[in-house]
Amino acid sequence: MKLVLGYQVDILARKVVEKELMKIGVSYKYHNSSQIELLEELPCAVFEKLKRNLEEFGIHIRETQQEQLIQKIKDTVSEIVHDDNYYSFKISSILSDKLNLSYGYIASTFSDHTLNTLENYIMLQKIERAKVMILSDEYSLTEIAYKLNYSSVGHLSNQFKKITGLTSTSFLRIIRRRNLLYNKINNG
Amino acid sequence: MKKINILLADDDDDDRLFFSEAIEQLGLSVSLKWVVNGVELLDYLKTPDIQLPELIFLDLNMPIKGGIECLIEIRSTEYLKHLSVAIYSTSSAEQDIEESLIHGANIYIRKPSDFDELKAILNKVITTNHQYHSSHLSKENFMMVI
């Protein structure tokens with residue numbers, strides 16, 4: 001039996017997208033047939049999955065150049081902070097080299113499109129790595145300061161306190177006590 | 001502009017007003033919901049299909065169910081335990097701060113009486129938490145005392 005179909009592509013696309021968005025449970029607003037605004041931030045993994053799922057239907061998410069750049073900046077900062085080979089270089093010059101853009105441009109794009117300055121973001125990443133190293137018990141504060149390109153232990157401690165409001169010693173003690181408590185709750 | 005969903009649990013009318021006025025003046029795109037005690041808080045969080053908040057501000061001393069009790073319940077509920085929680089209190093006692101963090105609070109805020117100070121604190125807390133929320137940063141070690 002032969003079926004002859006007629007269809008409207010924009011309705012088709014819209015239905016598919018709506019279905020996928022409902023699966024994730026994110027709220028959104030339709031601007032027009034090719035623009036949807038997500039009313040909440042999606043974690044990376046969820047966004048990537050959405051992108052892949054839509055691609056199966058031939059629907060492509062065009063990320064604005066700015067968003068792509070912001071993501072690239074964040075990924076590059078993370079890469080630099082975690083790579084011991086960069087310990088003696090200034091992050092600003094490495095970033096500029098890797099992205100082939102002036103640091104001024106990178107920094108202003110970052111602050112224009114996120115709620116923070118690039119400088120703060122870099123500090124946050126460095127302190128997060130410092131926390132992991134402190135908790136691992138494998139490094140002295142001196143080694144950590146060195147690996148993260150702080151001029152001294154004092155400099156690291158100051159930044160740690162500035163960002164977290166805690167000394168690294170208090171931080172360690174609190175996390176340990178918290179983990180003990182969590183273990184008790186989970187095993188009790 | 002994507003809205004940041006914030007939930008406040010505080011039994012004091014004046015404090016809630018103070019807080020919401022400060023939030024309004026920050027110029028961030030924030031959607032604020034408030035509840036008046038811990039029971040309302042958990043009831044709200046457990047409502048099916050709601051959009052979970054990006055950040056919860058929890059008063060330490062509330063009647064019926066206090067801040068710590070709420071915190072324990074949030075951290076032991078599978079689909080809520082990843083939420084960012086800020087304990088918000090007039091107390092600046094070391095013990096209260098540590099107890100809150102040990103029970104899983106990400107942030108401890110000592111309630112200021114100065115309005116501008118509150119705005120500055122809320123700005124710092126919300127924007128910092130947002131970085132964790134929108135980047136690949138794990139919140140496991142996210143801790144802030146302010």
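Start by selecting Ile4(B) and Val30(B) in this predicted model: Val30(B), which lies in β2(B), is the bridge partner of Ile4(B).

Staying in chain B, select helix α1, residues 13–24, and then α5(B), whose axes are 9 Å apart and which pack at an angle of about 65°. As you turn the view, note that the crossing of these two helices, α1(B) and α5(B), is right-handed. To see where they meet, show the side chains of Phe18(B), Ala22(B) and Ile23(B) on α1(B), and those of Phe115(B), Leu118(B), Lys119(B) and Leu122(B) on α5(B). Sorted by class, the residues of this contact between α1(B) and α5(B) comprise six nonpolar and one charged, with no polar ones.

Now move to the boundary between the chains, where 23 residues of chain B are in contact with 24 residues of chain A. On the chain B side, the elements that give two or more residues are α4 (94–102), α5 (115–134) and β6 (144–145), and the largest share, five residues, comes from α5(B). Colouring this side of chain B by class would bring out eight nonpolar, twelve polar and three charged residues.

Within that boundary, select helix α9 of chain A, residues 168–187, along with α4(B); the two pack at an angle of about 50°, with their axes 8 Å apart. That angle makes α9(A) oblique to α4(B), and the crossing in which α9(A) passes α4(B) is right-handed. By class, the contact of α9(A) with α4(B) has four nonpolar and three charged residues, and no polar ones.

Finally, zoom out to chain A, and colour domain 1 (9–62) and domain 2 (66–184) separately. The C-alpha centres of these two domains of chain A lie 33 Å apart.

Key: Residues are numbered from 1 along each chain as its sequence is written. Chains are lettered from A and ligands numbered from 1 in the order in which they are written. This is a predicted model: local features need pLDDT of at least 70, side-chain atom pairs count only at pLDDT 80 or more; totals for chains, interfaces and linings use all residues. Two residues are in contact if their C-beta atoms, placed from the backbone, lie within 7 Å. Helices (H or I, at least four residues) and strands (E, at least two) are DSSP runs, numbered from the N terminus. Ala, Val, Leu, Ile, Met, Phe, Trp, Tyr, Cys and Pro count as nonpolar, Asp, Glu, Lys and Arg as charged, and the others, Gly among them, as polar. Domain bounds come from an automatic or database domain assignment. Axes are lines fitted to C-alpha atoms, for helices over the stretch in contact, and angles run from 0 to 180 degrees between N-to-C directions. A crossing is left-handed if the near helix is turned anticlockwise from the far one by less than a right angle, and right-handed if clockwise. Angles under 35 degrees count as roughly parallel, over 145 as roughly antiparallel, 65 to 115 as roughly perpendicular and the rest as oblique. Two strands pair if DSSP finds at least two bridges between them.
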